[in-house]
Amino acid sequence: MSAVTPLPQERRLVTAIPGPKSQELQARKLGAVAAGVGTTLPVYVTRANGGVLEDVDGNSLIDFGSGIAVTNVGNSAEAVVAKASEQLAAFTHTCFMVTPYEGYVAVAEQLNELTPGDHEKRTALFNSGAEAVENAVKIARAYTKRTAVVVFDHGYHGRTNLTMGLTAKNMPYKQGFGPFAPEIYRVPVAYPYRWLTGAENCAAEAAAQAIDIINKQIGAENVAAIIIEPIQGEGGFIEPAKGFLPAIVEYAKANGIVFVADEIQTGFCRTGQWFACDDEGIVPDLITTAKGIAGGLPLAAVTGRAEIMDAAHAGGLGGTYGGNPVACAAALGAIETMKEQDLVGKAQRIGEVMLGRLRSMQEKFDIIGDVRGRGAMIAVELVKPGGKEPNAEATAAIAKACHAEGLVVLTAGTYGNVLRFLPPLVMPEHLLTEGLDIIEGAFALQGVTAA
């Protein structure tokens, strides 16, 4: 078993971005990989550690993406590497449904303990976030004997047929791929920045509208599940106005509806708490997790109330690779790392630094309409000067400028006008500050200020 070799925690540019070797690999990619598989920044990575990615040309880039909130513990956390390597040498697969192994059970025990609520729980493991959401729907339907599923504006839940139907945004996720699964209904979400009567009215009015639509158009007695991201990810890091989620949870409970928290992007210390639901004391009936769970290996889960999870008949849940033993070992290493290194506290510190700097930028640059987020899940929404019209063009230009300077950033938002920042929770603070300097320089290049 080889030890992790630390990378220098520094930004280092020795070529233009992308460099010549990355460009050669990109040409190979275009000839070998389906065109529908896009690439945000075509630099081809050879090593990654802490807060940096090293590419084939020898460039070292600051990582504000974490593989879309996956490498919360960093790209090669020692406990993840050690436990996964040990398991890899022992055996790679048996299929838990054929001949089981302890790792799956141990991960389930950890999730039952860590997720919100002190009720009796059960967990089932899968491969991806979309697969977890699909299985949450299956479980809710088995438990309630109902069919309808309620989701929210700006929500994202995956790329399978059912989860495309659950997802709000058409391009690039849904265009041309229908028809989608039936019995899916969409209701308003409390989006403070864009609520027409003002952020102060957002929670109560949005909850009332959502509940009214469910009652009138669907019938509460027909709803199996209400599914929501406690902070919406691909939709633009929208944090629902305080009070909205508790109102929806109360309605679900009163009407026998399974409340599902999709914490695939928000979970595992990302928001400065173990789970984003913790912020308002939300205790979901079911919670879906993936991304940050296993330090970069494919693993996902549904965890929830024992009586709901146990509603599906034996053999009704599973999958050949679900809860792969190597991925389970990695998850145990990742959870150990989160606890030992206090990644909840580190995420909170990242949020303090980022929000402070970005709000200062907001005062300088009038294309920054909103700064929002919690912990290490932070975003800025860009608008045309003088109003709230989405500014997707500036968003793309600023992301491109950051990339050229060796900073990996991602975009998001229903309108394509949100820059989102997801640094690894183990990122050294000097890299965080340097990345924010690059972002501020990219805004300055736009030449639009509040002056």
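Reader: Which strands and helix do the buried residues of helix H8 pack against?

Author: This is a predicted model, in which local features need pLDDT of at least 70 and side-chain atom pairs count only at pLDDT 80 or more, while totals for chains, interfaces and linings use all residues. Residues are numbered from 1 along each chain as its sequence is written, and side-chain values use heavy atoms, with hydrogens and water left out.

Helix H8 covers residues 244-254. Helices (H or I, at least four residues) and strands (E, at least two) are DSSP runs, numbered from the N terminus. The buried residues of H8 are Phe244, Leu245, Ile248, Val249, Tyr251 and Ala252. Buried means under 20% relative accessible area, exposed over 50%, and partly exposed in between, with a 1.4 Å probe and protein chains only.

The partners of these buried residues are strand S5 (148-152), helix H7 (199-218), strand S7 (223-228) and strand S8 (258-262). Contact here means heavy atoms within 4.5 Å.

Seen down the axis of H8, the buried residues fall within an arc of 160 degrees, so they line one face of the helix. The arc is that of the directions from the helix axis to the C-beta atoms. An α-helix has 3.6 residues a turn, so residues three or four places apart point the same way.

The face of H8 turned away from the buried side carries Glu250, Lys253 and Ala254, which are exposed. Just after H8 comes Gly256, with a positive phi of about 65 degrees.

Elsewhere, helix H11 (residues 343-364) packs with helix H13 (residues 429-446) at an angle of about 20 degrees, their axes 11 Å apart. Axes are lines fitted to C-alpha atoms, for helices over the stretch in contact, and angles run from 0 to 180 degrees between N-to-C directions.
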